[in-house]
Structures are given as structure tokens and as C-alpha cells.
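This report describes the fold of a single protein chain and then turns to one region of its surface. Please consult the sequence and the structure shown below.

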Amino acid sequence: MTKLNRVFLNKNFSLLLGGRFLTNIVDSIYYITIMWMVFELTGSSLYTGIAGALILTPEMLGFLYGPLIDKINKRNLLIFSTVMQALLLLSITIMEFSNNTHIVTLLAIVFFVALFTEFTYPAETALLPAIVERDDLVKANSFFSIAKQGTDLAFNALAGILISLFSITAIFFMDVFLLIIVLFLFSFIRIPSKVKAQQTSDNYAEDEGGKYNIKQYLKELKEGFNTFKKPLFLKMIVPLVIINFVFSGVTIIFPALSVHLGGESWLYGLLMACFSGGMMIGSVFSNSISSKVDVGYMMGFGYLLSGIFWMLMSISSSYSIILTCIFLLLSGLPIGATNVIYSTLFQILPNEDMIARITTLTFSLITVAMPIGSVLSGLVSDLFNPIVILLVNGIMISLLGANWLISGRLRNLPNVSKMDSSVLE
């Protein structure tokens, strides 16, 4: 039986992937629609930057609930977070239908949608190693990434078209309907008995007196932080901080760039779709590339190439929309491949009962700069030509790749199949 067949014959994985796929569709349509809605409501990139920062802030604080995700039933958590997202999107639908949309209320809802969304992805990441074999993790993560980038590719572009054809009310109502289907899929997931037993034996929600055991929570939170004291781990995280700072900013200024290039919502969706398309294609080939190329060289040359294509995209945007889209797609190829490898490493390196802690803490650290990047890019975009900002970002990504190749420890990271906790020592 091939790896591909073995993964898809796993009922729990297929249900989780199906829920992930539909959730990604909702997220893609929601993100494009809410950003355009804020921009149209206020006419300012600063407010879209604030909305972007509010979306990113819960992810930055994810390390606080990582220990909880490690201990509770992850299927129930997925169901709960999906219900809350559906209710919040329904509130936007009602608010828009009644022509009673206020920017402050809308931004508050944006924050809480992001908060409950933040529970979903770490729970899925932590659940994945429990339902698939270790040898299938890269392939499983590749499918997860393809689902993410594939839906972004299709529905970022489609969202721009939907905005021009249908009302905001209709679009958000469709999102709510899709979330109901997600609930149905998640409800059929069955967590393996060995994982249930571990959650029961490790449960620290109550002490002997039946009260919340905050000491145990803090102890396990500290265990996650101790992993990041290892110098090599920090060297691996810093590039992700920079990459996320750059990308959080450029997606915020894409609405302004689309207007600058003479387009409207359809061009905004097209730009987002091109970048997502590049990352999806990179995800497809990540498994074959990682089996032949060591992690160190894959990351270093990946960032270097992405930065070069990003600079070419910014220069060509003054002359041709077609060239802009081509270079934007090419810039996403290396990022898509490296993202899959990062996801796999953060599942392989820690112990299984610490995956959610490591995942949320990693997400928190790499997204520290993202709210700043969102607001700063929105503010700068109102003052300067967005093409200049894109060129500077491309230079930053290229320098990041060059630095990775110069650093001996990062450049010499072995093949992913040979990676384990000893690499961090």
C-alpha cells in the first residue's frame, strides 16, 4: 500500500482534512471580504491595517492556551471553536443586512473570530500525529498545506468576484452554511484510545480539592518556553518572525496596490490568488524536494529565491499586471515548500504531549511582529507608493536567505528524515 493510499484510507485523517479544507474556504472568503468591507467602509488602509492586527493578535497570544489544548479533547475543541465562529459571522450578516454596520463593532467581531479560529489550527496540528503514522507526517502536512493554499488560490480570487456580484450578507451567510458542514465532519472524528488515555492520565484541570491547578498549568507552560532556550531553535524562529512581518504587511497593502494598478476588488483577489497559488504549488512538491535536499539548503536558497522574485514583482508592477502576477506566483513557490517542512519539524522535534504547546508558542513568537507589520504597512501605504514598500520587502527576504546560508549551523541542518530532538543540542 502506498503512502498516499494509506493516508487517505485513514478515516479520521480524511474527516479532519475535509473539515480543514472547508474551514480554509471560509477563512479565505472571510479574510478578503472583511478586508474589503473595512476598506470600503472607511476608505483608509490604516483601518485595514488595524483589522489585520486584530486578526493576528490572538495568534501572538496563543502560547497562553497551548498547555490547555495539549490536555483537553481536541475534537470537542474543534467543534466548540467552529460553533463560535459561525455565530460571530452570523452576527456580521445580520448587522450588514440591517444596514447597521459600525466600524468599532465590526473590528471587535473581527478580533473574536480570530480568537476562536486560533484554537482550531493548533488543535488540528496536535491531533494529526495521533491519527497518522510518523512516516506519513510530511505527506499529511503537505495535504494540509495544499488544502490551505489551494483554497486561498481559488477563493481569494473568487472572493473578489463574489464581492462584485453579491451582497456582503449573502457571502457571509454562505460562510455560516459551510461552517455547519464542518461541524458535521468534526463530529465523526474518533480520537484513538491511547490518546484519550493520555489525556485522562495527564489531566490537570482539577486538583484534589476540585479547584483549577494553576501551578501545574504554569509548570507546563514553562516547559514549552524551555524548548526555545536552545540556541539553534531560536535561530530557526527568527527568520520566521521576519517573514511573517513582511507578509502581514504586503497583504494589507494589496488593496491599495490593486487601486494603484487601476483595478478594484477583482485585482485584489487576483494578487492574493497568485501568491497563494505559488505557495500551493510549492507545497505539492515539498515532499519530493525534502527527500532529496537537506533542510539547511532548502530554507536558505528558498528564502533567497523568494526575495529575488518579490523584487522583480515590485519592479514589473509599474509596467505589466501579467508580469506582476507571474513573479508574485513564483515568489510563493519556495515559501510554500518551506512552510510544510517547518510544520513537520515542529511535530517531530518535541514530545507528542507537548506539540500544542510548541505549536502555539512558535506561532506566538513568529507572529510577534505581524500586528506591527499590518498597522505600519497600512500607515506607510497611505503615505508612500506601495510599489516602493514591496521592493524593500523583497530586499529583506533576500537578505534573510543569504544570512541563513552564511550561518554554519542553519546551513548544515540535515535532511528532515534525520531530524530529531538531538539536532537542537
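A helix is here a DSSP run of H or I with at least four residues, numbered from the N terminus. In this sense, I289 belongs to helix α13, which covers residues 286–290. The model is predicted.

**Overall architecture**

The chain has 19 helices and zero strands. Of its 425 residues, 56% are buried. Where contacts link residues at least 6 apart in sequence, 86% of them join residues at least 24 apart. The accessible surface of the chain amounts to about 17,600 Å², and carbon and sulfur atoms account for 69% of that area.

**Helix α3**

Helix α3 comprises 16 residues, 45–60. From its first C-alpha to its last, α3 reaches 22 Å, close to the 22 Å expected at 1.5 Å a residue. Its buried residues are S45, T48, G49, A51, G52, A53, I55, L56 and P58. An α-helix has 3.6 residues a turn, so residues three or four places apart point the same way.

| Helix | Residues |
|---|---|
| α3 | residues 45–60 |
| α13 | residues 286–290 |

Note on methods: Residues numbered from 1 in each chain as written. Predicted model: local features only at pLDDT ≥ 70, side-chain atom pairs only at ≥ 80, totals over all residues. Heavy atoms only, no water. Helix = DSSP H or I, 4+ residues; strand = E, 2+ residues; numbered from the N terminus. Buried < 20%, exposed > 50% of the residue type's maximum accessible area, 1.4 Å probe, protein only. Contact = heavy atoms within 4.5 Å. Areas by Shrake-Rupley, 256 points an atom, 1.4 Å probe, with all protein chains shown as cover. Expected span 1.5 Å × (residues − 1).
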